[in-house]
Amino acid sequence: MTGTSLPAATAATPCRVAVAGASGRMGRMLIEALRASDDCVLAGALDIAASPAIGSDATAFLGHASGVAITADIATGLKNADVLIDFTRPEGTLAHLAVCSQLGVKAVIGTTGFSDAQKAEIASFAQRTAIVMAPNMSVGVNVTLKLLQMAAKAMATGYDIEIIEAHHRHKVDAPSGTALKMGEVIADAMGRDLKECAVYAREGVTGERDPSSIGFATIRGGDIVGDHTVLFAGIGERIEITHKSSSRSTYAQGSLRAVRFLAAHKTGMFDMFDVLGLQ
């Protein structure tokens with residue numbers, strides 16, 4: 001996308017990273033990945049004020065002391081950080097980004113469920129700091145998005161497109177941000193607007209399927225990390241492109257790749273296609 005680049009770094013100093021939602025499932029996975037990293041270190045940990053983890057050491061769950069206490073004060077959590085990684089909720093992420101833009105802290109955003117107005121607000125923050133934002137940080141998912149782009153261009157006519165996604169029972173938004181991104185990529189490749197062709201629910205007498213529509217189906221249950229399948233159904237054949245996540249570690253490792261990418265950028269809005277060179 002667009003942004004301002006920095007000259008290449010000359011010193012091999014570790015990148016200092018803060019993690020939002022530090023006591024959550026994804027937060028802990030990120031902290032564990034940072035502890036195992038050779039070039040990134042944990043420098044801050046944020047959580048909501050009501051969290052029982054406030055004041056505790058961020059790596060206590062690993063049986064180690066990092067000296068980084070989990071805090072609800074955004075400025076305190078970011079004061080030693082170069083980059084924030086945030087997989088929380090839209091309102092929290094926006095509050096974090098407001099402080100990031102003031103302090104010059106870059107951000108990797110995996111939060112989903114933003115409204116168009118909130119996305120515009122994030123774009124304004126990117127004029128003051130560098131941001132990588134993607135609904136899914138997994139390298140495999142983003143390669144899948146590239147494959148979907150290619151497939152959609154070749155099968156723009158004569159094929160019905162359905163997107164099926166499954167996640168754990170705790171996920172609060174539907175369809176998933178990844179499923180919506182898949183729909184956007186497919187619609188863009190075919191010259192359509194997803195807002196005009198998406199179908200999110202079917203019930204009762206729906207009539208025949210509109211051939212220009214892109215359908216979504218959502219499954220929630222158990223501890224499913226994240227499964228996504230895009231079905232291209234033609235006459236006499238079907239093509240299914242599927243990605244399945246068995247661990248959140250893929251999101252954590254992709255996030256660290258995004259952190260490293262941001263080292264060369266001062267401002268700008270980027271996504272994982274930029275990070276992975278898939279544009």
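**Reading rings, helices and a peptide bond**

Modeller: Let us begin with one residue of this predicted model: Tyr200 has a relative accessible area of 46%, so Tyr200 is partly exposed. Phe216, by contrast, is buried, at 6%.

Colleague: How is a pair of aromatic rings described?

Modeller: One gives the distance of the centres and the angle of the planes. Two aromatic pairs are counted here. In one, the ring centres of Tyr200 and Phe216 are 5.0 Å apart and the planes stand at 35 degrees, so this pair is tilted. Because Tyr200 lies in the loop between β9 and β10 and Phe216 in strand β10, the pair ties together parts 16 residues apart in sequence. For Phe261 and Phe270, the centres are 5.2 Å apart and the planes are at 75 degrees, so that pair is edge-to-face. Both Phe261 and Phe270 are buried.

Colleague: What describes two packed helices?

Modeller: The angle between their axes and the distance between the axes. Helix α5 (residues 139-154) packs on helix α6 (residues 177-189) at about 30 degrees, with the axes 8 Å apart. The two helices are therefore roughly parallel, since angles under 35 degrees count as such. Their crossing is right-handed. Contact residues include Leu145 and Leu148 of α5 and Met182 and Val185 of α6. By class, the contact has eight nonpolar, three polar and two charged residues.

Colleague: Where does a cis peptide bond occur?

Modeller: Most peptide bonds are trans. A cis bond joins Ala174 and Pro175, with omega about -10 degrees. Pro175 lies in the loop between β8 (160-167) and α6.

Technical notes:
Residues numbered from 1 in each chain as written. Predicted model: local features only at pLDDT ≥ 70, side-chain atom pairs only at ≥ 80, totals over all residues. Heavy atoms only, no water. Axes fitted to C-alpha atoms, helices over the stretch in contact; angles between N-to-C directions. Helix = DSSP H or I, 4+ residues; strand = E, 2+ residues; numbered from the N terminus. Parallel < 35°, antiparallel > 145°, perpendicular 65-115°, else oblique. Left-handed = near helix turned anticlockwise from the far one by under 90°. Contact = heavy atoms within 4.5 Å. Nonpolar A, V, L, I, M, F, W, Y, C, P; charged D, E, K, R; others polar. Phe/Tyr/Trp six-rings, centres within 6.5 Å; stacked < 30°, edge-to-face > 60°. Buried < 20%, exposed > 50% of the residue type's maximum accessible area, 1.4 Å probe, protein only.
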